[in-house]
2 protein chains.
Amino acid sequence: MNVSEAILHELVELGVEACFGNPGTSEMHLVASFDRVGGLRPILGLFEGVCTGAADGYARMAGKPAATLLHLGPGLGNGFANLHNARRGQSRMINLVGDHATYHRKYDAPLQSDIHSIAKPVSDWIGDPASGEDAVGKTREAFAVAMRPNGGLSTLIVPADIAWSEMKGAPPARKGRAGAKPVDMALVREAAAALTSGEPKLLLIGGHAGLEKPLAIAAAIAEKTGAKLFCDTFVPRLARGAGRAKPDRVPYLGEMAVMMMSAFRQAVVVGTKAPVAFFAYPNKPSTFLSPECQVHTPWSVEYDVTDVLAAIAEEVGAKVVATPAARSETTLPAAGKISVESVGSALAALMPEGAIVSDEAITSGLWAYMATQNAAAHDWLSLTGGAIGDGIPMAVGAAVACPGRPVINLQADGSAMYTIQGLWTAARENLHVITILLNNKSYAVLNMELDRVGATAQSERSRSLLSLDKPVIDFTAMGRALGANAVRAEDNETFVKALKRALAEPGPHVIEAMMF
Amino acid sequence: MNVSEAILHELVELGVEACFGNPGTSEMHLVASFDRVGGLRPILGLFEGVCTGAADGYARMAGKPAATLLHLGPGLGNGFANLHNARRGQSRMINLVGDHATYHRKYDAPLQSDIHSIAKPVSDWIGDPASGEDAVGKTREAFAVAMRPNGGLSTLIVPADIAWSEMKGAPPARKGRAGAKPVDMALVREAAAALTSGEPKLLLIGGHAGLEKPLAIAAAIAEKTGAKLFCDTFVPRLARGAGRAKPDRVPYLGEMAVMMMSAFRQAVVVGTKAPVAFFAYPNKPSTFLSPECQVHTPWSVEYDVTDVLAAIAEEVGAKVVATPAARSETTLPAAGKISVESVGSALAALMPEGAIVSDEAITSGLWAYMATQNAAAHDWLSLTGGAIGDGIPMAVGAAVACPGRPVINLQADGSAMYTIQGLWTAARENLHVITILLNNKSYAVLNMELDRVGATAQSERSRSLLSLDKPVIDFTAMGRALGANAVRAEDNETFVKALKRALAEPGPHVIEAMMF
């Protein structure tokens, strides 16, 4: 058995099932090993940002890492932005980055670059093995890091000569995996005291606390103590819909966030950190809580969020009770022009139980988020790191992780063009991904941000950097070019019809919703 | 005047004319400044890899840097692969990377990351200014680095609060630019001695020595001394066609390169370094020259290639004489299926004088390169760093630098999908870029490389990572979706007709040549 096979075999033994890759020459032995090692599904992305974003979406839904297969420094660089989002989303991933043969490195061949320097900002762990046995051992370490209670991103560099060599000895013995640290009861009691104090108080959750079980516990704590339950603006995966708790989302707009949060004097934060502004703006605050608010952090990354919330619940005497999963009345939008509101209403009415939403709708998505609060139970995946180009890949990964559950990708036009290649992977793998492409022919959020930072664009010259007209992109033709079923909807009737059909017919769909 | 305006104003004063950007909130004051500072053309790319690749193509043709405008670490990360290619091509560039306000950095907001770590592998210089005056001073430093004799990549980080603040004082006084170091006559004489020795000898050029003037001097030296003239496999910009020298290209395939180069005992290398294999392969050599060959390097990056070659020419008594620009007979391909040969013949026959070729045709491009040796005089731009996704952006940048000269982008399908977004910029700017999309529905080079590394792919499973069928991408529909005139050619007659029309009608064209 050569080392490539041994690495893939080890991944399979550890439970890794999917590998999103775009290999090159230095990864060819790993490619060939997919034939000889069963159980690991190779999935081609036409660009590495698709691979890393898909692996992120996969991990959010599967609760375990996928592997990626990337071609030296430039391949890793191409995947950087979605690794950044994955890091901010506390996701799990094992990146296999092929490299030149160790003896070839000294020649500084054209594709050589400083892989460590690129990997560092987006890796919790970097492995650069010295032998085949070490490579297999480091594969285990990579997996262990990815399976930490609050996620981890591992980057394993695989030099070509190690990959193609035969295994000589046995890799180091497997170790038991370290679990989460037991909760710190002193911190838990401090949090419980804050939550039961007479002062205005809030419980803020984020990260892995958006999953069904910890969310339910958080809601029970809030219910019992009278604390206001908030969640981060962008939670990696939030259990939503009928029967689920409805935390208030920290607003993206700082002015609104400050208004909503200024009265609180006690804050308990689990799974995330105290909220900060996405950007700084002249004469606007960088943080949202009042300076008089006491912040308590019973959680930090080495603890399991569910353990921490359960301990707080125990302290305050809160019990999770099943809430009736009654759905609100929904109505399909009336005939007429498509708007953010009508897209939201249609979604709320039609989305089936178990749907997954990959939300990169930016300005167009706020309404849909609100409208679907009482829709059938679903999971909502957000852009966690602000690096656009995550929506399409994340939908691909979620669909691979959850066959049988439709994935609805609410997708803005500007960010769609960052990783449009992902539509092809959805087509090739015949994934039930419905891309609702909200075409407003502009980076609408930036026109808003331009004003918010106090800048003014007076002419076509500067506005040209923020608009997507001239020419308007034809996303319907684009979807078809990449193998998806694609429909353009200029009115609500066409949109609703297309969405119904897309939900009923598994496979890749693009619905271009014209918003101008 | 605020600092954003002062930075742009300084760039204009220095002679920078184009800025390829995709800004976000942290760059909004720079965006607004385009209105108030004339002379710097803002050009939107739908993905940062388009911006950095276009800036590279621009610099290769303009001989001076363009600016890019990128959004924090993830924006720079998205531009990484083409920055890597630019670095390998000794290109020139000034990257303006917006960052959070300095006082906001401590909050670790979602888009924060280690910009320095990402920039380091692809930057010759990184500036992180402490004030507005310092930012303007550092803009000058960035330009000076980019204008070094053999190129330079500068990364200037611009924190939002510095960008929006008013200029308080004057920036440091401008300094005269340091020129190239005078040639080292001892090294020049050593090279001249090697070239006039009785041993088998070669002169290898690359980098900036591919331009018309240094190439002509190199050819005169070879003619005078009987040395064999070689050029790198991938020269950033090579003056070619009738009337120009025809150096032998170092073959990509190491076996062929070793065969061609093993007999030489003296080698003089200018503008590049002694040739090395692109990748290592089991039991194949990493370098091409014989161990018995003495390598002389009269050039290193601080010297100007033309100065060095002129000094060698002087020593050996070589004189540049104009060679008659006689074109060989060319014939249009006969009716029938499109092949790499027929594409080459059509190009050789139809390409007008002054055309620019952006070559990312990978396996399909070798024939076209050979076929056009005696075509009308033209410039040939190659993928210098091996990071695919440079062809379309480079064509965009070259067209911006050279209005009036048609740019022919010979483009493989797999690499096209890396930065397909660049077609839109060509359409928006109405550039005369003709993308010849060679659709063979596979990463053909990787099927070859798989065998070359001694791996075998036995099943559909591993081959699936190397093929682009299921579904076949419709590049004609894609081109139209992004605003180009697009034609699908299944035979030579259609191809020739489409190419004639595209050459005659300035503006963006896609010709999808079906190669299967």
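Where is the place of Pro471(B) in chain B? I looked, and Pro471(B) sits in the loop between α19 (460-463) and α20 (475-481) of chain B. Helices here are DSSP runs of H or I with at least four residues, strands are runs of E with at least two, and both are numbered from the N terminus.

**Ground rules.** I am reading a predicted model, in which local features need pLDDT of at least 70, side-chain atom pairs count only at pLDDT 80 or more, and totals for chains, interfaces and linings use all residues. Residues are numbered from 1 along each chain as its sequence is written, while chains are lettered from A and ligands numbered from 1 in the order in which they are written.

**Cis bonds.** I checked the peptide bond from Lys470(B) to Pro471(B), and it is cis, with omega near -10°. Chain A has a cis bond between Lys470(A) and Pro471(A), with omega about -5°. I found Pro471(A) in the loop between α19 (460-463) and α20 (475-481) of chain A.

I noted Gln90(A), a residue other than glycine whose phi is positive, near 50°. Gln90(A) lies in the loop between α5 (80-88) and β4 (92-99) of chain A.

**The two copies.** The same surface serves both copies, as 100% of the contact residues of chain B recur in chain A. Contact means that the C-beta atoms of two residues, placed from the backbone, lie within 7 Å.

How many residues does the contact take from each chain? I read 82 from chain B and 82 from chain A. On the side of chain B that touches chain A, α2(B) gives the largest share, six residues. By class, that side has 45 nonpolar, 26 polar and eleven charged residues. Nonpolar covers Ala, Val, Leu, Ile, Met, Phe, Trp, Tyr, Cys and Pro; charged covers Asp, Glu, Lys and Arg; the others, Gly among them, are polar.

**α1 and α2 of chain B.** The axes of α1 (residues 3-14) and α2 (residues 28-36) of chain B come within 8 Å and cross at roughly 60°. α1(B) and α2(B) are therefore oblique to each other. Axes are lines fitted to C-alpha atoms, for helices over the stretch in contact, and angles run from 0 to 180 degrees between N-to-C directions. Under 35 degrees is roughly parallel, over 145 roughly antiparallel, 65 to 115 roughly perpendicular, and the rest oblique. From α1(B), the contact uses Ser4(B), Glu5(B) and Leu8(B); α2(B) brings His29(B), Leu30(B), Ser33(B), Phe34(B) and Arg36(B). I sorted these residues into three nonpolar, three polar and two charged.

**A sheet in chain A.** I traced an open sheet of five strands, in the order β10-β8-β7-β11-β12 with parallel pairing. β10 (248-249) and β12 (294-296) of chain A stand at the edges with a single partner strand each, so one side of each has no neighbour in the sheet. β7 (residues 201-205) and β11 (residues 266-270) of chain A pair in the parallel sense over five bridges; pairing requires at least two DSSP bridges. Leu202(A) has Ala267(A) in β11(A) as its bridge partner.
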